[in-house]
Amino acid sequence: MDHHDYMSIALEEARAAFELGEVPIGAVIVLDGEVVSRAHNMKEQWKDATAHAETVAINRAVKQLGHWRRLREAALYVTLEPCPMCAGAIVQSRIKLLVYGADDPKAGAVRSLMNIVQDPRLNHRVEVLAGVMEQECCGLMKDFFRRLRKPGEQEE
């Protein structure tokens, strides 16, 4: 499998979030070519502001692997550029590679607003590959927010 295949799985997760009325973001953690965990946003379902796709996937992977330190060789695939909270969790988890689809100009903490995952002042830096299946990831987000908007409301 390649980056496109893993991002396709993350998009499946994002579509599941969409169907639940969650912001459609999906995440997949891969270690040694195997999917260790997959997740999507659960903020509304769980009534938990920290239940982003990335944090849910990280927690599931740790349970599956038995220890958070096993993530040091893992890759995280996520459909949207991580926010500051998730970027911090990625650094703290020592994830090796972050692959994401679409930039997030309002909250992105990898390259849009700041770059937490590669900040040289921190004790770990993450390799980053951005723009994988970007159009598909953006399209799903746009569809979701279009659905939420009232008729006649202006798009930002």
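Where is V30 found?

Analyst: V30 is found in strand β1 (strands are DSSP runs of E of at least two residues, helices runs of H or I of at least four, numbered from the N terminus). The model is predicted, with pLDDT of at least 70 needed for local features and 80 or more for side-chain atom pairs, while totals for chains, interfaces and linings use all residues. Numbering starts from 1 along each chain as its sequence is written, and side-chain values use heavy atoms, without hydrogens and water.

With a relative accessible area of 6%, V30 is buried (under 20%, with a 1.4 Å probe and protein chains only). Beyond its neighbours within four places in sequence, V30 is in contact with Y6, V35, A74, A75 and Y77 (heavy atoms within 4.5 Å). V99 lies 69 residues from V30 along the chain, and 11 Å separates their C-alpha atoms.

Helix α1 (residues 3–20) meets helix α5 (residues 134–148) at an angle of about 5°, their axes being 11 Å apart (lines fitted to C-alpha atoms over the stretch in contact, with angles from 0 to 180 degrees between N-to-C directions). The two helices are therefore roughly parallel (under 35 degrees). On the α1 side, M7, L11, A14, R15 and F18 make this contact, and on the α5 side E136, C137, L140, D143, F144 and R147. Just after α1, G21 has a positive phi of about 85°.

How values were computed. Parallel < 35°, antiparallel > 145°, perpendicular 65-115°, else oblique. Buried < 20%, exposed > 50% of the residue type's maximum accessible area, 1.4 Å probe, protein only.
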